[in-house]
Amino acid sequence: MGALLPKPVTEKSSEVGGTEAVRWSATAMQGWRMDMEDAHIAIADITEELAGVGLYCVFDGHGGKAVSSFCKARFKDELRELTQEVGRAKFGKNKNAKRKCGSKLEPSDFDDILKRCFHKMDDLLRDPANAKQLAKFVGKVPGGAVDDLKKELSNAQARHQRGELSPAEQLEMKEKFTRLQKYEQAEKGADFVADNVGCTAICVLLREGDILAANAGDSRAVLCRAGQAVELSHDHKPASEVEKARIEAAGGYLEDTPGGARVNGNLNLSRAIGDLEYKKRLDLPPEQQIICSTPDVLTEQRTPEDEFLIEDPATVSGTC
């Protein structure tokens, strides 16, 4: 979603790290987008409450990089705080258990923690106190970009009224309008809100005995076990029965486009962090909004045959 470059940026940046127990590597490429809209977290040992637990996340941004960058900056600390809270409640006066509660909590505890953490990202994005940080993540608006977009949209609107815009051009017009809104918000600095900017998220907790994968959107995690792919996530697409039912119950609708069904004619995904324009029903909980950030959390027990794990914002399938 968003404007494209005339040719992709193919330079890659890579990182490596880990502990004696696990090694990780991460590679990123900007591609066709105007900015690098994705972000990641790779920590082999979070330490303190989550000692011995690894955290690996991919935040696939759309509409810009503000929300994915914000999640990279804030997700780990919120996860630690929520884990500490649950650990205190569950282990009471057992100081040793509370100190390293992340390795001792049940998968069902983390099902709740991870869902709360995803929802907390939306709460933080709504908080005016974080608007300036979000604006910084957007970065400097290119000189003349706002005026150029307004001119392009004005011309496209005139053509649309004459019935001259193709379906693909109409979709491009919507994406340019979203980008214009983002730029105008960024220029306001402290008034920036994440109404039309968001990210899907796949976040994996790697513990000694199990793997917990929380997914909201269409990014994926796959475990390679004895040479075969084990799915750790399932895509959330607007046209699926579960997603469509929630979208319509919350007052949204689906529009068929050349690229597939889009929520309210815009987003081609049904779950994401951010995109607050679709989360304004005050009478509904977070998991029932048109676009929700509620993840599905899958747990997989680790085995000696487990070889490696892949997380990716694009399609991952087949054998390892």
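Which residue takes a positive phi in the hairpin of S7 and S8? Ala226 does, with phi near 55 degrees.

The model is predicted; local features need pLDDT of at least 70, side-chain atom pairs count only at pLDDT 80 or more, and totals for chains, interfaces and linings use all residues. Residues are numbered from 1 along each chain as its sequence is written, and side-chain values use heavy atoms, with hydrogens and water left out.

**View 1. The protein chain as a whole.** The protein chain has 7 helices and 13 strands (DSSP runs numbered from the N terminus: helices are H or I with at least four residues, strands E with at least two). Along the principal axes, its C-alpha atoms fill a box of roughly 70 × 40 × 40 Å. Of the 320 residues, 47% are buried (under 20% relative accessible area, with exposed over 50% and partly exposed in between; 1.4 Å probe, protein chains only). Of the contacts (heavy atoms within 4.5 Å) between residues at least 6 apart in sequence, 65% join residues at least 24 apart.

**View 2. The open sheet of S8, S7 and S13.** Three strands lie in the order S8-S7-S13, with antiparallel pairing (two strands pair if DSSP finds at least two bridges between them). Strands S8 (228–231) and S13 (306–312) are at the edges with a single partner strand each, so one side of each has no neighbour in the sheet. From one strand to the next, the twist averages 30 degrees (axes are lines fitted to C-alpha atoms, for helices over the stretch in contact, with angles from 0 to 180 degrees between N-to-C directions).

**View 3. The pairing of S7 with S13.** Strand S7 (residues 220–225) is joined to S13 by 6 bridges, and the two run antiparallel. Arg220 stands opposite Asp312 in S13. In S7, 5 of the 6 residues are buried, which leaves the strand mostly covered.

**View 4. The hairpin of S7 and S8.** S7 and S8 run antiparallel and are joined by 4 bridges. Val222 stands opposite Glu231 in S8. Between the strands of this hairpin there are 2 residues. Strands of a sheet pair through backbone hydrogen bonds, either parallel or antiparallel.
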